[in-house]
Amino acid sequence: MSGIIELWKTLGIDIDKHNKLLQSQGSYIKEIVAIQKNRPQKMAYFDSLVTESHFKRLPDLVNFKAQGNKIVGAFCLYAPEELVYAAGAVMVGLCGGAQFPIADAETILPRNLCPLIKSSFGFKIGRICPYFQLSDMLVGETTCDGKKKMYELLNEETPMHVIEIPHNPNTPHGRTLWLKELELFKERLEELTGNKITPERLKQSIDLINNRRAALKRLSDLRRAIPSPISGIDALLVNQVSSNDNLGRSTAKIHELCDELDERVRNGVGATGKDAVRLLVTGSPMTLPNLKLHSIAESLGASVVVEESCSGTRYFNRFVSPKGDSMGALLDALVDRYAAINCACVTPNPSRLQNVSDLSCVFKVDGVINYTLQYCHAFNVEGVKIANLFKKQDMPLINVESDYTREDSAQIRTRLEAFLELIIAKAESKMN
Ligand code: SF4
Ligand code: SF4
């Protein structure tokens, strides 16, 4: 233990605050995750990633850096991780999902800002997150206004590369800009690492990340079963925690979990009974340890079976599929993949509506939760179209806007309870 504390100190971590963070992580695992009944045994690995990521994974990364390698911190699905790994670096996710660092952030940032932005910033300026401290460079992107302005402040702490995202990417102009931005990022990574990104290295890296996306897609597809073999809490947790694990290892562990879930599906074993109300959650991302909505919904007996979000299907619903082995063909395939991300920051964004509608059918959901983080204008406004879409389809939908505190938990619980009653009454009236 004393060795790891010394390591945290060398990274400049504020030990008192960090201890409090570890305590809060331990307690939410106990209070939200571990109390679930009948969990898949293979979830033990992912639970341990939460509690041990600052112990076991960290020394691996410190050794990696000691050998002259680089670590790139990222915040968004738009960060082209294939290029990062092709440059011989490792990418770590730094998106904040905890309330804990927000007090530090609010000493600088305005209070009326998305909690994800404040939490991410607070982790850095409060010296709470070792992954931030380890990062040699941060990669951001011009998605929402709050994030991109926050990046200007982060740049004063750690060198930052900001990718300019075309907000209408499916035009010839948008694709040209994406390609240029990928080339610039590639050059910046080569400069940072001293490694040339060759077509061979990029191809290997694309395969590595495609494998990870395929494993997560397999996990997601298994949730189509009635009953779903895994709770929404556990599935979301896997998505959240595996992003900072060793890529090859986490991919293998997700497949091991899926093997167990396959068996549960064959035997009709579910996380809930087969009559549980099946819910789709769509909207703002939920990053670790934000499990609030899922834990409330599932404590009421519902089953969250799919998340249309960056902490869900948006990460793995498309692979990078090169049509050749040249650098040009590989970069074109990256443009195809990244220009297709249907974040609410894109305008217009018809593919998200189509996608969320398709998911509601494929996962046989009974209702939709349109989830928005407070002050997330992009998802909040786009939520109007989502609500209109499902109204036309006669699919029950509830809007939930929330933050990372527990203050609104009782209110959300009451609203979800009424929503589930409405869904059940609707189903019963159809049967009569
Ligand atoms: S919601 Fe948009 S801005 Fe946020 S992580 Fe996803 S792609 Fe990035
Ligand atoms: S949740 Fe919304 S406001 Fe927050 S960082 Fe993502 S896009 Fe921006």
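Angles under 35 degrees count as roughly parallel, those over 145 as roughly antiparallel, those from 65 to 115 as roughly perpendicular, and the rest as oblique. The model discussed here is predicted; local features require pLDDT of at least 70 and side-chain atom pairs pLDDT 80 or more, while totals for chains, interfaces and linings use all residues. Residues are numbered from 1 along each chain as its sequence is written, and chains are lettered from A and ligands numbered from 1 in the order in which they are written.

Helices (H or I, at least four residues) and strands (E, at least two) are DSSP runs numbered from the N terminus. The axes of helix 2 (residues 15-34) and helix 3 (residues 43-66) come within 10 Å and cross at roughly 175°; axes are lines fitted to C-alpha atoms, for helices over the stretch in contact, and angles run from 0 to 180 degrees between N-to-C directions. Helix 2 and helix 3 are therefore roughly antiparallel to each other. On the side of helix 2, Leu-22, Gln-25, Gly-26, Ile-29 and Val-33 meet Asp-47, Val-50, Thr-51 and His-54 of helix 3, contact meaning C-beta atoms, placed from the backbone, within 7 Å.

An open sheet contains four strands in the order 2-1-3-4, with parallel pairing; two strands pair if DSSP finds at least two bridges between them. Strand 2 (90-93) and strand 4 (160-163) are the edge strands, each pairing on one side only. Strand 3 (residues 137-141) is joined to strand 4 by four bridges, and Leu-138 has Met-160 in strand 4 as its bridge partner.

Note on methods. Contact = placed C-beta atoms within 7 Å.
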